[in-house]
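Hi everyone, thanks for coming. Let me put the structure up, and then we'll walk through a few parts of it together.

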Amino acid sequence: MESQYNAAAIEQKWQQDWVKQGLDKTPENSDKPKFYALSMFPYPSGNLHMGHVRNYVITDVIARLKRLQGYRVLHPMGWDAFGLPAENAAIDRNIPPAEWTYKNIAQMKQQLQTLGLSIDWDREVATCSPDYYKWTQWLFLQFYQAGLAYQKEAAVNWDPIDQTVLANEQVDSDGYSWRSGAKVERKLLRQWFFKITDYAEQLLNDLDKLPGWPDRVKLMQENWIGKSVGAYLEFPIKGSEEKIAVFTTRPDTVYGVNYVVLAPEHPLTPKVTIAQQKEAVEAFIKEVANESEIERTAEDKPKRGILTGGTAINPFNGQEIPILIADYVLYEYGTGAVMGVPAHDTRDFKFATENKLTIKVVIVPEDTDVGTIHELPEDTDVETFHETSLREAYTEPGIIVNSGEFDGMKSTEGKTAIIEYAEKEGYGKARIQYRLRDWLISRQRYWGCPIPVVHCPSCGSIAVPDADLPVKLPENVEFTGRGASPLAKLEDWINVPCPSCGEPAKRETDTMDTFIDSSWYYLRYTDAVNDQEAFKLEKANDWMGVDQYVGGIEHAILHLLYSRFFTKVLRDRGLINVDEPFKRLLTQGMVQALTYKNPQTGKYIPPENVVYKDDNYRDRETGEILSFFFEKMSKSKYNGVDPQQVLGKYGADTARMFILFTAPPEKDLEWNDAGVEGQFRFLNRVWRLVVEYGENKPKQVKKTTDLTKFEKDLKRAIHTAIKEISEDLEGDYQFNTAVSELMKLSNALNDAKCLDSAVYQEGIETLLILLAPFAPHIAEELWHDLGHKKSIHLASWPKVDPDALVVDEITLVIQVMGKTRGTIQVSASATKDELEKLARESDIGKRYLEDTEVKKVIVVPGKLVNFVVAK
C-alpha cells in the first residue's frame with residue numbers, strides 16, 4: 001500500500017481499468033429500475049472549460065450514486081457539432097469544417113476522460129456524422145408528412161456583404177452584423193418553418209407536469225409562449241372593402257382607439273397610402289428595412305411613425321381615425337397591425353405624445369368622479385380626470401367612460417360585454433393568441449444538416465425518399481466567407497431528378513438550424529448504434545424520459561422548448577409514448593473567477609499584470625488603481641482557469657471535490673485556489689486514515705453486539721453520515737453539505753479509540769463508499785487496498801440503521817445562577833425529576849450547592865439543569 005497519495009498515477013490506472021472492465025456500459029436487460037442521467041452535450045470547441053467540468057461532474061455524481069443505489073443507469077455523451085463556428089474556422093484556417101470539428105471532438109473527449117466520468121462512450125453521437133443526421137432528416141420528413149414543416153416568405157435579417165441570413169443573436173444592438181460588420185437589412189426570403197404554434201397550448205399546460213423543473217425556468221417558458229386572451233377586431237378602411245385586423249387584450253378600451261398602425265411590410269400599406277404620402281411612406285419603409293427586429297422593438301428607442309393618408313373607421317362609434325405605419329409594429333407578430341389607445345397603453349402613449357396624436361380617456365379608476373371626465377382634444381396640453389397633466393397611460397382596471405352603452409361598467413366585465421357585442425354586430429370575436437411564433441429552421445449555411453427536399457417545376461416541393469437518406473453534405477466545397485451558401489454554388493449537387501416524376505429538379509440548398517439536432521439527441525442515446533431506425537420504440541420507451549437533465553440556464557427557453565415540442569410531435573406520430581423529455585432539470589450556476597478591470601478605460605487586465613500596492617490592486621505598468629470582482633470565466637477577461645492545469649497539479653478527484661463543495665449546484669461558483677488546496681488536503685487525510693488502518697488493522701476484528709461507549713458514538717457518527725448524505729443527494733442535490741458530512745465522518749474516524757472493532761471497519765468502508773461518487777479514483781484505490789476484489793462502484797449504497805441513531809446518553813450541563821459549572825453524562829431517557837436528582841447528587845452539584853439555599857430549579861430536558869440559589 002502506497003504511503004503517499006499520488007493522484008496522477010491512480011487516476012490513470014483506474015480509468016484504464018474501468019474501460020477494460022466495461023464498468024460504465026449501459027445494462028441492456030435488467031430487472032433493476034432505470035435511471036437516465038444526462039448533461040447537455042457540448043459544442044466541440046476543442047477545449048474544455050470549467051463550466052463544462054462543473055456540468056459533467058454534477059451529472060457523474062448522480063449517475064454513480066444511482067448505480068450504487070441499485071439502478072441500471074444510462075449516462076451518455078455526444079457532440080452538438082454542426083454550426084457557424086466550424087464554418088468560420090474553415091474560412092480562417094483553410095481546412096474543411098469536418099476536419100476541424102472531428103479534431104476538436106477527439107481532443108475534448110480525451111480531456112473529459114481525464115475527469116473520470118462514468119460515461120458509456122459506446123453510445124457517443126456527433127450531430128455532424130451522417131449516421132446521426134440521416135435520422136435528423138428522417139425526423140424532418142415526419143414533421144413534413146404531418147403538415148408541421150412548411151415554407152413561406154418571411155422577413156429576415158440580411159447581411160448584404162456576406163449575402164446570408166443572420167439570427168437575431170448575430171446582430172448587435174446597433175443593427176450591425178457581428179460577422180461582416182455590415183448594416184443589417186430586413187429582407188423577405190422563402191424560408192422553412194416548423195409549426196410549433198400548433199403545440200403552444202400543450203407546451204404551456206404541460207409545464208404543470210414538470211414539478212422537478214426550477215420555477216424560474218418554467219416561468220421563462222410561459223412568458224416566451226406568451227398566451228394572451230382577448231379579441232380579434234376588424235376596422236373597415238374608408239373607401240375600400242378591406243378591413244384592418246388587430247388583436248387586443250384590452251377590448252374594454254376600443255372606444256378610445258384614436259388611430260391604427262400597420263407594420264411597414266403589411267400588404268395593406270401600399271393600398272391605404274394616398275398619392276400625396278406615397279413618396280414619404282416609401283422612404284420610411286426603406287429606412288425601416290435597414291433596421292433589425294431588435295432595433296425596431298427596443299424599449300428605450302423613440303417610436304417612429306408616419307401617416308399614410310388613409311383612414312379607418314372605428315365600427316364601435318363610427319369615428320374616422322388615421323392609419324399610420326410605424327417601426328415598432330412587426331408583420332410577423334399577431335396580425336401585423338395594432339389599434340392605438342394612447343390613454344391606456346404605455347407604448348401607445350409614448351408614440352402618441354411623440355407624434356402629437358389625439359388621446360382619449362375611456363377607463364378611469366373606480367374612485368373617480370365620472371363627471372370630471374372629458375374627451376381630450378388633439379394638440380392640447382392633455383389633462384386627466386385629476387386635472388393634472390397626463391404624464392403616463394392609465395393601464396389598470398377601472399370604470400368604463402366615453403364608451404356609449406358600456407359607460408359605468410367595470411372594465412373587467414366590459415371586456416366580455418364588448419366582445420359579445422362585437423360578435424353580434426360582426427365587428428370581431430374572442431380569440432386566444434400566443435407570443436410564440438413558428439420556428440424558422442432554415443439557414444443559408446453549409447455546415448448543417450441538409451433539408452431533404454427537392455424542388456420540382458411540375459411537382460413542387462417533394463420529400464427525398466427514406467431509402468435515399470442521408471442527403472450527404474458534399475465535400476468539394478470552397479469557403480470564402482462571402483456570398484450565398486457554398487451549397488448553392490454546387491451545380492452537380494443541386495441538380496437532381498425529381499423523386500416523383502423524374503424530370504430535372506433542384507435540391508433544397510438551405511440547411512437546418514442546429515437546434516433541431518439537439519432537439520432529439522437524448523432519444524438517439526437510447527439506441528445509438530441502430531442503423532435501421534432513429535431509435536427502437538421499445539428502447540426509447542424503456543429509458544425515456546430523462547430522469548435528471550443538467551445544463552446551463554442559457555438554454556432555459558429555446559433548447560428546452562424545442563425538445564419538448566419534438567417529444568410531443570414524435571409522441572403523436574407513434575414513435576414514443578412520453579409527453580415530456582426531461583423529468584427533472586438542474587440548471588447549474590456559472591463558474592466565476594477574480595477579475596481585474598481598469599475603471600477608467602474599461603479594459604480587463606491579466607492577473608500577471610496586477611500588483612498589490614498601497615492597499616490597492618494596480619496595473620503593474622501604469623500604476624493605475626484597478627477594480628476587482630468575481631465574473632464568469634472568459635478568455636477576453638483574462639480570468640479563465642485551464643482545467644488541465646488543475647488536473648495536472650491536483651488530480652481529477654480534487655477538482656471534482658472543489659467544484660461540488662464550494663457552492664450549491666444551482667448557484668454561481670467562485671473559483672478559489674485556496675479552496676482547491678483545502679480539498680486536496682482533505683483527500684490526503686482520507687488517504688492517510690485508510691492507509692494507516694490497513695497497515696495496523698488487527699488480524700482478528702472484534703465483533704460483538706455489546707458495544708462500548710466509543711463504539712456506540714462512532715456507529716452513530718457513521719449512520720448519521722449515511723442519513724445526511726443520502727438526504728443531501730436526493731431532491732435538490734446539496735453536494736456541498738454532503739461533502740461536509742464526509743469531512744465529519746472522516747474526523748470521527750480519526751478521533752475514534754476502537755481501531756480493532758468491527759464498527760471501525762464499518763466506518764472506514766462506509767466512508768469510502770460514500771466518497772466514491774464524488775472522488776471515484778481514490779475511493780477505488782483505497783477500497784482495493786483494503787483487500788476487496790470487485791470495484792467499489794459495484795458495491796451497494798449503505799442503508800441507515802435507525803437503532804444506531806438512538807442516543808443512549810446525553811451530556812447534561814449543570815448551571816448555578818445561569819453560569820455553567822460543569823457537565824455530566826446521563827441517560828437520554830431520564831425524566832425531569834431524575835435529571836434534577838442526578839445533578840444535585842453529582843460532584844459538581846455537591847460542590848456548588850453545599851451550604852446554599854436552592855430557591856428554584858429550571859430543567860431543560862436533554863440539555864441542562866439550572867439552580868437558582870439565595871444570595
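This is a predicted model: local features need pLDDT of at least 70, side-chain atom pairs count only at pLDDT 80 or more; totals for chains, interfaces and linings use all residues.

Residues are numbered from 1 along each chain as its sequence is written, and side-chain values use heavy atoms, with hydrogens and water left out. When I say helix or strand, I mean a DSSP run, H or I of at least four residues for helices and E of at least two for strands, numbered from the N terminus.

So, is Q15 buried or exposed? Its relative accessibility is 17%, so Q15 counts as buried; buried is under 20% relative accessible area, exposed is over 50%, and partly exposed is in between, using a 1.4 Å probe and protein chains only. Leaving aside neighbours within four places in sequence, Q15 is in contact, meaning heavy atoms within 4.5 Å, with Q113, T114, L115, G116 and H777. For a sense of scale, Q15 and E265 sit 250 residues apart in sequence and 61 Å apart in space, C-alpha to C-alpha.

Now the rest of helix 1. This helix covers residues 7–21, and at 1.5 Å a residue its 15 residues should span 21 Å, which agrees with the 21 Å between its end C-alpha atoms. The expected span is 1.5 Å times one less than the number of residues. Along with Q15, the residues A7, I10, E11, W14 and W18 are buried in helix 1. Looking down the axis of helix 1, the buried residues fall within an arc of 130°, so they line one face of the helix; that arc is taken from the directions from the helix axis to the C-beta atoms. On the other side, A8, Q12, V19 and K20 are exposed. And what covers the buried face? The cover includes helix 2, helix 4, helix 18, helix 19, helix 20 and helix 24. Just after helix 1, G22 takes a positive phi of about 65°.

Next, helix 2. Here 18 of the 19 residues are buried, so helix 2 is largely enclosed by the rest of the structure. Helix 2 packs with helix 19 at an angle of about 90°, their axes 10 Å apart. Axes are lines fitted to C-alpha atoms, for helices over the stretch in contact, and angles run from 0 to 180 degrees between N-to-C directions. The two helices are therefore roughly perpendicular; angles under 35 degrees count as roughly parallel, over 145 as roughly antiparallel, 65 to 115 as roughly perpendicular, and the rest as oblique. On the helix 2 side, the residues include V53, V57 and R64, and they meet R656, I659 and L660 in helix 19.

Helix 19 also packs with helix 22, at about 120° with the axes 7 Å apart. That makes helix 19 oblique to helix 22. M657, L660 and F661 of helix 19 make this contact with F735, N736, V739, S740 and M743 of helix 22.
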